[in-house]
2 protein chains.
Amino acid sequence: MKKAFLILFLSLSILGQAQSADAEQIDKLFKTALTEGKAYDWLNHLSNQIGGRLSGSVQAQQAVEYTKAQLDSLGLDRVWLQPVMVPKWVRGTPEFAYFETSPGLSTNVPVCALGGSVATPIGGLKAGLVEVTGLEDLKKMDPDKIKGKIVFFNRPMDPTLISTFDAYSGCVDQRYAGAAEAAKLGAVGVVVRSMNLRLDDYPHTGSMSYEDLPVSDRIPAAAISTNGAEILSTTLKLNPETKFYLRQNCKQFEDVESFNVIGEIKGSEFPNEVMVVGGHLDSWDLGDGSHDDGAGCVQSMDVLRLLKKTGYRPKRTIRVVLFMNEENGLRGGNKYAEVAQSKNERHIFALESDAGGFTPRGFSFDCSEANLERVQEWKKLFEPYLIHLFEKGYSGADIGPLKNNEMVLAGLRPDSQRYFDHHHAENDTFEHVNKRELELGAASMASLVYLFDKYGIIPGTKIKG
Amino acid sequence: MKKAFLILFLSLSILGQAQSADAEQIDKLFKTALTEGKAYDWLNHLSNQIGGRLSGSVQAQQAVEYTKAQLDSLGLDRVWLQPVMVPKWVRGTPEFAYFETSPGLSTNVPVCALGGSVATPIGGLKAGLVEVTGLEDLKKMDPDKIKGKIVFFNRPMDPTLISTFDAYSGCVDQRYAGAAEAAKLGAVGVVVRSMNLRLDDYPHTGSMSYEDLPVSDRIPAAAISTNGAEILSTTLKLNPETKFYLRQNCKQFEDVESFNVIGEIKGSEFPNEVMVVGGHLDSWDLGDGSHDDGAGCVQSMDVLRLLKKTGYRPKRTIRVVLFMNEENGLRGGNKYAEVAQSKNERHIFALESDAGGFTPRGFSFDCSEANLERVQEWKKLFEPYLIHLFEKGYSGADIGPLKNNEMVLAGLRPDSQRYFDHHHAENDTFEHVNKRELELGAASMASLVYLFDKYGIIPGTKIKG
C-alpha cells in the first residue's frame with residue numbers, strides 16, 4: 001500500500017511539474033506576444049502597404065513576396081513557395097445600381113459584384129424585381145413570375161444566434177447558389193442582401209457559383225448593402241412594379257500561377273510528424289483583408305517566431321502555411337494537401353486562424369474523442385488568458401483537405417460579434433484590428449501548438465462526425 | 001432505501017425542471033435583447049444628441065431629463081429623480097502644449113487637463129522637465145531637482161496583464177496623486193502619460209486630487225497622449241534641458257444640484273427586498289461617454305424593460321439607478337446609499353455595468369462564499385451565451401457605498417482589451433460600440449437579475465475580503 005501511495009504521489013508530482021512547466025511556457029508565449037509581437041507590424045504592411053489581395057492580382061503576388069521575405073528573416077530551417085494555379089477574377093470599374101419606382105424617379109443603392117459573377121451588358125441591366133427569402137422560397141415560386149426578372153434574395157442573418165458564424169451558415173446559400181438557381185428559372189440577374197448583421201451602407205462580396213450552368217446561361221449577381229436591401233424591400237411592398245438597374249463589368253480570366261508561402265522548423269525528435277499552422281493570404285478586393293485573413297496569416301507567422309523567441313525547440317516539424325486562394329477556389333489548400341500526400345508526409349495536426357483578429361475565446365476541434373478529451377485537460381492552462389472554449393467543431397477551409405483518420409484539425413475561435421460587420425466588405429481594414437486582441441490570438445495559437453508538439457496526438461483513433 | 005432514491009429522484013427532477021425553466025427565461029431575455037433591444041437606440045440619443053455629460057453641465061442635465069422620460073415611457077411602477085449636489089469643473093478652451101529643445105524650436109503635443117486641475121497662469125506655464133516612472137520614483141528624487149520643474153509621470157500600463165483593468169489599477173496612482181506629491185516637492189506642474197495601452201494621439205483625462213494641499217500650492221496637471229509621452233521621453237534623453245509649455249484654463253465652480261435617475265418595479269412577493277442595477281450617467285467631457293458609461297446606463301434601463309417584455313414579474317423590488325457624478329466625486333453613489341440607509345431599505349443585490357459596452361465575459365462578485373458558490377451553480381445557464389467568468393472581485397464604484405454584510409454586489413465584466421483605447425478620451429464615441437455586444441451585455445445582466453430575483457440571496461453570511 002505504501003508503495004502504491006508513493007507511486008501515486010510521484011506520478012501526481014510529475015504531472016504537477018509538467019503542468020507547471022507548461023504554464024510557464026504558455027506564460028512566456030503570452031508575455032512575449034504582448035510585448036514583442038510582430039503580428040501587428042506585419043499586418044500593417046500587408047494591409048496598408050499592399051492592400052486587398054485577390055487571387056491572381058498584383059497585390060496577391062506582393063503579399064507572397066513580402067511574407068516570404070519576412071519568414072526568411074526569422075531564421076527558420078526552411079522557407080519556400082509552393083506553386084499553385086489560381087483563378088483570376090477581376091471586378092473592373094465600380095458597380096452601379098439604382099431602383100426606379102417610376103420612370104425618372106430613381107434611388108441609388110450600394111452594390112458590388114459577387115466574386116465569380118459575370119458582367120452585365122455594357123449598358124447595364126434593367127428589369128423588374130421578385131423578392132424571395134431564399135432558395136427554398138424561390139423554388140416554390142411560379143417560374144412565370146421569375147422569367148425576365150431580377151431575383152432579390154433578402155433573407156437576413158438570424159440575430160438571435162450567439163455565434164455569428166452560425167447565422168452566416170444559415171444564410172450564405174442564397175449568395176453562393178442564388179444566381180444558378182434563379183438562372184434556371186429564367187431570371188436575368190440576382191441581387192443578394194449582404195451577409196451582415198448590422199444595418200449599414202457597405203455591400204459585402206463573397207464567392208458564388210454557377211455550378212454546371214452553360215456560360216451563355218449565366219446571369220450577373222451582386223450584393224446589396226443591408227440598408228439598401230431594407231429600403232428596396234420596403235419600396236417593393238409599396239410598389240411591386242419597381243425596376244432595378246445594375247451595371248458591373250467584372251470578368252473571369254484564365255488561371256494564373258500563384259503560391260502558398262511555407263516556412264518550417266524541423267522537429268528535433270520526430271521530424272516526420274508535421275504540424276501546420278496557417279491562414280489564407282488572399283483576400284477579397286474591396287477592403288484590405290485585415291480580418292479576413294491578414295490576421296490569421298500574421299498570427300500564424302508569429303506562432304513560429306514566438307516559439308523560437310521563447311527558446312522552445314519543437315520535437316515535431318512545425319510549418320506555417322499561408323494558403324493562396326481560399327476565397328474563390330481553395331486551390332492553395334487543395335494543392336498543399338495534394339503535395340503532402342504525394343510526398344507521403346504524415347500530418348498529425350493543423351490549426352487555422354480564419355475568423356478575424358478579435359479577442360480569442362478558444363478553439364474548435366475536428367478530431368477523435370480521445371484527442372478532444374486530452375485537449376479538455378489543457379483547459380486549465382488557458383483560463384488565465386480568458387480562453388474557455390474547447391469544443392468539437394469546424395476547423396478551417398484551407399486545412400480541411402488535409403484531413404485524415406488520425407490527425408487533429410483545429411480552428412481558432414475569436415469573439416465573433418463584429419466579424420460580419422467587416423467580412424468581405426470595404427471596411428475590412430487595419431484600423432478595425434486591435435493590436436492586443438490580435439496578439440492574444442497569436443499567443444493562444446502558439447500555446448496550443450506548443451502543447452501538441454510536446455505531447456503529440458493520441459494516434460489510431462478514428463475521426464467521428 | 002427505495003424511499004431515499006425516490007426523494008433523490010424527485011429532487012433531481014424538480015431541480016432539472018427549475019434549471020430548464022431558467023434556461024427558457026434566459027433564452028427569452030437574450031433573444032429579446034438581440035431582436036427588440038432598446039439599449040442601442042437610447043445610447044445613440046445619449047451620445048449623438050446629447051454628448052459628453054460632465055457633472056454640472058447642461059448635457060448632464062439633458063441626460064437626466066432624457067433618461068427619466070424614457071423610463072417614464074416603460075410603464076414601471078415608479079420613476080423619480082433623487083437630488084444630489086455635485087462638483088462642477090469646467091475645462092474651458094482647449095489646452096495647448098509643446099516642448100522646446102532650444103529657443104524657437106518647439107513641437108506641439110496633444111494634452112488635456114486632468115479633471116479637477118487648476119489652470120495655468122493665463123499666458124501659460126513654461127519650465128524644465130523631470131521624468132519619473134511614478135510616485136515611488138518621485139519620492140526617491142532629490143527635491144532640489146524637482147523645484148521649479150514640471151514633473152513628467154511616464155509609467156506605461158503593463159501590457160502583459162490580460163485584464164486591462166489590472167494594468168490600469170497598477171498605473172493610475174500617478175494620475176490621481178501625482179500633482180499633490182509633486183507640488184509638495186516644489187514642482188510647478190505635472191504632465192502624466194495617458195492611461196492607454198495603445199500608442200496614439202488622444203490624451204485621456206480622469207480624476208485627480210490635491211488632497212489637503214492649500215489652494216495656493218496647487219499646480220496644473222495635464223495628461224499627454226501616449227505618442228506624445230514617447231516622443232517627449234526620447235527627446236528628454238537626448239536633451240535633458242528640454243522645456244515644456246502648457247496652457248489650460250479649467251476652473252472649479254461651486255457645487256450645483258443634479259440628480260440620480262431611478263426607476264422601479266415593485267416586488268410581488270418581497271417588495272422590501274431591493275435589487276439595484278445601474279451605471280453612471282455622467283461622463284467625461286472629451287468624447288460622448290458611450291462606453292464610459294452610457295453603455296452601462298442603457299443596459300441597466302433595458303434590464304427592467306427586458307424583464308417586463310418577456311412577461312417576467314419580479315418577486316423583489318428591482319430598481320434601475322443611473323448614478324450622477326461617478327467620474328469626479330461619486331456623489332450620486334454616496335447619496336443613493338445614504339438615502340437608502342435613512343429609509344431603512346433592505347438592499348440585497350446590486351449590479352453595476354461600468355466597464356464598457358463590449359462582449360460580456362461574465363461577472364465579478366463581492367459577496368459571501370455561500371452566495372458565490374450559488375452563483376457558480378448558475379454558470380451552466382450562461383455557457384450557451386459564451387459567458388464564463390464568475391469570480392470574486394470588484395463590483396462597481398457607484399454601488400460600493402451600499403455594501404453591507406449580507407448583500408451581493410456584482411460587476412459586469414465585458415471583454416477589456418479595447419476599453420482603455422477609448423476611456424476618458426475624445427474617441428469614446430458611439431461608433432465604437434457594437435450593437436450586438438451592447439445587447440449581449442444587457443441580456444447577461446437581465447439574466448443575472450432574474451436569477452437573484454427568483455432565488456434571492458443566501459442571507460446572514462458575512463462578506464469576506
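This is a predicted model: local features need pLDDT of at least 70, side-chain atom pairs count only at pLDDT 80 or more; totals for chains, interfaces and linings use all residues.
Me: Why is the meeting of B:Arg418 and A:Glu437 called a salt bridge?
Reply: The rule asks for a side-chain nitrogen of Lys or Arg within 4 Å of a carboxyl oxygen of Asp or Glu. Here the N to O distance between B:Arg418 and A:Glu437 is 2.8 Å, so the pair passes that 4 Å limit. Across the interface of chain A and chain B, the rule finds two salt bridges. It also turns up 14 residue pairs in polar contact there.

Me: Which elements give two or more residues to the side of chain A that touches chain B?
Reply: Those are helix 1 (2-36) and helix 14 (435-455) of chain A. Helix 1 gives the most, with four residues. By class, that side of chain A has eleven nonpolar, seven polar and seven charged residues.

Me: How do you know that the copies meet through the same surface?
Reply: Look at who takes part: 100% of the interface residues of chain A are interface residues in chain B too, so the copies use the same surface. In numbers, 25 residues of chain A are in contact with 25 residues of chain B. Together the chains bury about 2,500 Å², with 59% of it on carbon and sulfur atoms. A:Ile162, A:Arg361 and A:Arg436 supply 27% of what chain A buries against chain B, more than any other three residues.

Me: Now inside chain A: why does the pair A:Arg198 and A:Asp421 count as a salt bridge?
Reply: The closest N and O atoms of A:Arg198 and A:Asp421 are 3.7 Å apart, and the limit is 4 Å, so the pair counts. Between domain 1 and domain 2 of chain A, the rule finds one salt bridge. Helix 13 (residues 419-422) gives the largest share of the domain 1 side, four residues.

Me: What makes up the contact between domain 1 and domain 2 of chain A?
Reply: 16 residues of domain 1 are in contact with 23 residues of domain 2. The two domains bury about 1,600 Å² between them, 62% of it on carbon and sulfur atoms. A:Trp89, A:Phe420 and A:Asp421 supply 39% of the area that domain 1 buries against domain 2, more than any other three residues.

Definitions and conventions:
Residues are numbered from 1 along each chain as its sequence is written. Chains are lettered from A and ligands numbered from 1 in the order in which they are written. Side-chain values use heavy atoms; hydrogens and water are left out. Contact means heavy atoms within 4.5 Å. Buried area is the accessible area (1.4 Å probe) that two parts lose on being put together, summed over both. A polar contact is a pair of N or O atoms within 3.5 Å; within protein, one must be able to donate a hydrogen and the other to accept it, and residues adjacent in sequence count only if both atoms are side-chain atoms. Ala, Val, Leu, Ile, Met, Phe, Trp, Tyr, Cys and Pro count as nonpolar, Asp, Glu, Lys and Arg as charged, and the others, Gly among them, as polar.
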